[in-house]
Amino acid sequence: MLLYLTTFEAYNPGFSVQLIRKNSFYSPFSISNHFHKHKHRHLPFSRVPKKPLASGPFTRVISNNGDFLMKLSLGSPPVEIYGLIDTGSDLVWTQCIPCNNCYKQKNLMFEPQRSETYSSIPCDSEECNLVPGQTCSPQKLCGYSYGYADSSVTQGVLSRETTTFSSTNGDSTVVEGIVFGCGHKNTGTFNENDMGIIGLGGGPLSLVSQVGAKYGGRRFSQCLVPFHTDPNSSGTISFGEASDVSGEGVVTTPLVSAEGQTLYLVTLKGISVGDKFVPFDCSNEVSKGNIMIDSGTPATYLPQEVYDQLVEELKMQINLRPILDDPDLGTQLCYKSETNLEGPILTAHFDGADVQLMPIQTFISPKDGVFCFAMAGANDGEYIFGNFAQANILIGFDLDKRTVSFKPADCTKQ
């Protein structure tokens, strides 16, 4: 069955998207041995190989060595695209032919001339005014230049295209008129499996905002699988009513970001290691919106003094000797163990929401027999709750109600 949704359709109950592990049965990619370092920051592990679903459409998404890839199809006939999901940016884009100054890509690039439904967006459009770095070509087409904190950049033509989402029961839903970047010059820290980025931020050009009017509001939820789980397991992203996070165990914190702001900023009061509370700010004056929730950054970044206190407290509570003589690990807190640590449990104390973090969310294995603390210190004032910590939590973002909700979950079974 093929379902068409246009910009004139007022309501649809929503859909869910599956997140596929890169080396799973569902993935088109072979196993890669290097760790992909994405936007915002480089992971400190520099040598690491790097509710039942509602009826309706969904796309598959792959865990890509610390990042997550989402499958959708562009154009008529549809061409499969696997893009990095990123709640820290807005633009949806993919590499397009011609692409003379682009990173190497394993799958075929999108070729707009072969699509019957592709159209370029003119300079005088409302959408063109929303994209950063806009330029106007001699043909009066809207050009863009969109950069990321790790110096990755995509440049191309802002465009409009029909987007297809697959469903769990084999049906497909076609959404017309999705605005995206057709990237003709793309550089940065991408690997050959990355075909672009799916921006899920709070701005007007993000996928969340574009489909919100059609699917019961600007809201979505995600359930990410832990880093070192069965590669055939997969998580989900759900949009509209299908993204509801409710029931026993749900806690909610205010979304502090301003309306239309890209970043999902929340307030973190501190983190407990067992019963030992470590405040986010030693002066006990917690700033509102002091940390962002970002699916595009694997590690969690905290103020350096907070991170240092957490490390010291972990050392006191873990009955193992830290690894001190492995140059591959640098200054990370790591332990020799064939299985993940049994404790302690960390608790992230958000404003009005205490979220427990088990060892599978706070320690990752950079190599066999070693587990390292998956957080790092930062001195630049930009702090991130990364996707390692987000794993096995159903997290709902409601841009209309301005809330973020958390519910413990086994995301491998969603």
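## Reading the labels

Helices (H or I, at least four residues) and strands (E, at least two) are DSSP runs, numbered from the N terminus. This is a predicted model, where local features need pLDDT of at least 70 and side-chain atom pairs count only at pLDDT 80 or more, while totals for chains, interfaces and linings use all residues. Residues are numbered from 1 along each chain as its sequence is written, and side-chain values use heavy atoms, with hydrogens and water left out.

## A pocket and what lines it

A pocket here is found on a 1 Å grid over the protein atoms alone: it is an open set of points where a 1.4 Å probe fits, with protein on both sides within 12 Å along at least five of seven lines, and lining residues have an atom within 4 Å of a point. The second largest pocket has a volume of about 300 Å³; that volume is the space filled by probe spheres set on the points, with grid points joined across faces, edges and corners.

In the lining of this second largest pocket there are 15 residues, and Glu127, Arg160, Val179, Pro204 and Gln210 are the ones nearest its centre. Helix H1 (126-130), E12 and helix H2 (207-212) each give at least two residues to the lining. E12 provides the largest share, with four residues.

## Salt bridges

A salt bridge is a side-chain nitrogen of Lys or Arg within 4 Å of a carboxyl oxygen of Asp or Glu. The whole structure has 13 salt bridges. One of them joins Lys106 to Glu192, with 3.7 Å between the closest N and O atoms. This pair ties together distant parts of the chain, 86 residues apart: Lys106 sits in the loop between strand E7 (101-102) and strand E8 (119-120), and Glu192 in the loop between strand E12 (172-187) and strand E13 (196-199). For accessibility, buried means under 20% relative accessible area, exposed over 50%, and partly exposed in between (1.4 Å probe, protein chains only). Lys106, at 35%, is partly exposed, and so is Glu192, at 31%.

Lys288 and Asp351 form another salt bridge, their closest N and O atoms being 3.2 Å apart. Lys288 counts as exposed because its relative accessibility is 57%. Lys413 and Asp410 also meet in a salt bridge (3.8 Å, N to O). Lys413 is exposed at 68%, whereas Asp410 is partly exposed at 32%.

Two strands pair if DSSP finds at least two bridges between them. Three strands make an open, antiparallel sheet in the order E22-E26-E25. Strand E22 (334-336) and strand E25 (363-367) are at the edges with a single partner strand each, so one side of each has no neighbour in the sheet. E25 pairs with strand E26 (residues 370-373) over three bridges, and Ile364 has Cys372 in E26 as its bridge partner.

## Around Pro112

Pro112 is found in the loop between E7 and E8. Pro112 is buried, because its relative accessibility is 10%. Contact means heavy atoms within 4.5 Å. Setting aside neighbours within four places in sequence, Pro112 is in contact with Cys96, Ile97, Tyr118 and Cys182. Pro112 and Gly75 are 37 residues apart in sequence, yet 7.8 Å apart in space, C-alpha to C-alpha.
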